[in-house]
Amino acid sequence: MTKADTLARIYELGLLAVVRGPTQKLTLDMVHALVEGGVTGIEITFTTPNATQVVQSLKDHYGGDILLGMGTLTDMDDVAQAKAAGATFIVSPHVENHLAASMVDSGLVVMIGSYTPSEILHASRLGSDIVKLFPGSLGGPSYLKSLRGPFPNIRIMPTGGVDLDNIPDWFEAGAVAVGAGSALCPRKWAEEGWFDDITSRARAFTQAVQDARS
């Protein structure tokens, strides 16, 4: 899959699940439940135990049926590990010049985490294909709407603070996609074995995104 293909797939899906699993096995089970519910954009964070092995297992199992990336990249070694594991997109929670350069050099789709207007513009100029608005919960959709005024050509994806109730507001404010974590796939549900509930929540999120963009 080319970089252009990955970007097109992100725009098509409009939803990435940010998965922070408690164990390697439970993380795989979480993803299987999400996929069953129609969520096929998956970001495995480096804070997940054995994160690269999780990604490799998912790549072997699903191949191109899901869009697979890695998040919470905080140093340059993470970039190499994510690419070797099979990630097609990589996400950082912050703006840092050397890390950004390494991410861009990887040839993968890059999402750099930013919050302030200065950070957002800087991330875009560093080569972020999509700027991750993080944490989105601080300003909400109204903050994103305000950012669209000075930055109409920067693609922005909020993560943190995205839930079923505000998905329409995020897209109306100008989000190209949304990243959803605990509101979509709670860690506690995995620990309790509530995978049917994760699948049901995934279906609800998928429908909400479709409705918001229709």
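In this predicted model, helix α3 crosses helix α4 in a right-handed manner, that is, with the near helix turned clockwise from the far one by less than a right angle. Helices here are DSSP runs of H or I with at least four residues, strands are runs of E with at least two, and both are numbered from the N terminus. The model counts local features at pLDDT of at least 70 and side-chain atom pairs only at pLDDT 80 or more, while totals for chains, interfaces and linings use all residues. Residues are numbered from 1 along each chain as its sequence is written, and side-chain values use heavy atoms, with hydrogens and water left out.

The axes of α3 (residues 51–62) and α4 (residues 76–85) come within 8 Å and cross at roughly 20°, which makes α3 roughly parallel to α4 (angles under 35 degrees). Axes are lines fitted to C-alpha atoms over the stretch in contact, and angles between N-to-C directions run from 0 to 180 degrees. On the α3 side, T52, V55, Q56 and K59 meet Q81, A84 and A85 of α4, contact being heavy atoms within 4.5 Å. This contact has 3 nonpolar, 3 polar and 1 charged residues; Ala, Val, Leu, Ile, Met, Phe, Trp, Tyr, Cys and Pro count as nonpolar, Asp, Glu, Lys and Arg as charged, and the others, Gly among them, as polar.

The contact of α2 with α10 comprises 7 nonpolar, 1 polar and 3 charged residues, and the crossing is right-handed.

Turning to the backbone, most residues other than glycine have a negative phi, and most peptide bonds are trans. N50, in the loop between β2 (41–45) and α3, has a positive phi near 55°. The peptide bond from F134 to P135 is cis, with omega near -5°, and P135 sits in the loop between β6 (130–133) and α7 (140–148).

Key. Parallel < 35°, antiparallel > 145°, perpendicular 65-115°, else oblique.
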